[in-house]
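Please examine the sequence and structure below before reading on.

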Amino acid sequence: MNHEELKSQLMGAAMQPFIKSLFDRLHVDRGGTLYNSFEEVSSRRPLAGGQNRTSRADVVTFISTGAYDDKPKFYNRANFSVVFEVKATASDLDRDEKYVNYLSCTDFFFFAVPTGVCAHALYKASEMPNVGVFDIQRGIIVKMPEPQTIVPSYYMELLEQVTYCQRRNSGKRNTAVDA
């Protein structure tokens with residue numbers, strides 16, 4: 001599968017298994033889960049090494065539980081942000097250095113890869129406790145990352161870019177409820 005096909009699968013059929021796997025590992029009840037995913041969300045911060053160009057996260061997902069229960073909104077809810085970098089090949093994974101720019105703006109970061117690239121992704125993420133690996137084709141989390149320590153200004157920039165994508169219709173959006 002190529003990059004676009006993998007991203008399309010992640011935005012569609014693979015997201016439900018991802019959320020189930022994430023919540024199982026975090027021991028969170030999935031009742032009334034709502035999520036929004038956005039493609040190609042830009043970051044205007046300088047890249048690692050001082051490069052001055054814009055980077056784009058392949059998929060950014062916001063997940064909220066308890067969206068449709070009768071409890072007040074602040075009661076027993078879990079909210080997460082997840083950034084995915086989709087990598088179709090081992091060489092694509094080796095060339096990626098921009099992923100470090102997303103580590104402080106989201107709760108969780110994952111390399112989303114096909115089954116054949118999982119071993120290589122695990123090797124790349126092996127010494128980084130805050131980087132996870134998601135097998136898109138099998139729909140499982142292969143390596144669960146530790147939650148990030150979010151820098152508020154970076155998180156606000158991420159939200160700003162998602163809002164910009166919505167207003168300009170430049171990012172594809174997928175919303176679904178997990179019953």
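## Surroundings of Lys143

A polar atom of the Lys143 side chain lies 3.1 Å from the backbone oxygen of Ala125. The backbone oxygen of Met128 lies 2.7 Å from a polar atom of that side chain. A polar contact is a pair of N or O atoms within 3.5 Å; within protein, one atom must be able to donate a hydrogen and the other to accept it, and residues adjacent in sequence count only if both atoms are side-chain atoms. The model is predicted: local features need pLDDT of at least 70, side-chain atom pairs count only at pLDDT 80 or more, and totals for chains, interfaces and linings use all residues. Residues are numbered from 1 along each chain as its sequence is written, and side-chain values use heavy atoms, with hydrogens and water left out.

Lys143 belongs to strand E6 (residues 140–143); helices (H or I, at least four residues) and strands (E, at least two) are DSSP runs, numbered from the N terminus. With 17% relative accessibility, Lys143 is buried, where buried means under 20% relative accessible area, exposed over 50% and partly exposed in between (1.4 Å probe, protein chains only). Apart from neighbours within four places in sequence, the residues in contact with Lys143 (heavy atoms within 4.5 Å) include Phe110, Leu122, Pro129 and Val131. Gly132 is eleven residues from Lys143 in sequence, and their C-alpha atoms are 4.9 Å apart.

## Aromatic pairs

Rings of Phe, Tyr and Trp (its six-membered ring) pair if their centres lie within 6.5 Å; planes under 30 degrees apart count as stacked, over 60 as edge-to-face and the rest as tilted. The count under this rule is eleven aromatic pairs. One of them, Phe18 with Phe134, is edge-to-face, at 5.1 Å centre to centre and 80° between the planes. Because Phe18 is in helix H2 (residues 15–26) and Phe134 in strand E5 (residues 132–135), this pair ties together parts that are 116 residues apart in sequence.

Phe18 is buried at 0% relative accessibility, and Phe134 is buried with a relative accessible area of 0%. Phe18, Phe84, Phe110 and Phe134 make up one aromatic cluster.

## Helix H2

The buried residues of H2 include Met15, Ile19 and Leu22. His27 follows H2 and has a positive phi, near 60°.

## Cysteines

There are zero disulfides, a disulfide being a pair of cysteine sulfur atoms within 2.5 Å. Cys105 is buried at 4% relative accessibility, and Cys118 is buried at 6% relative accessible area.
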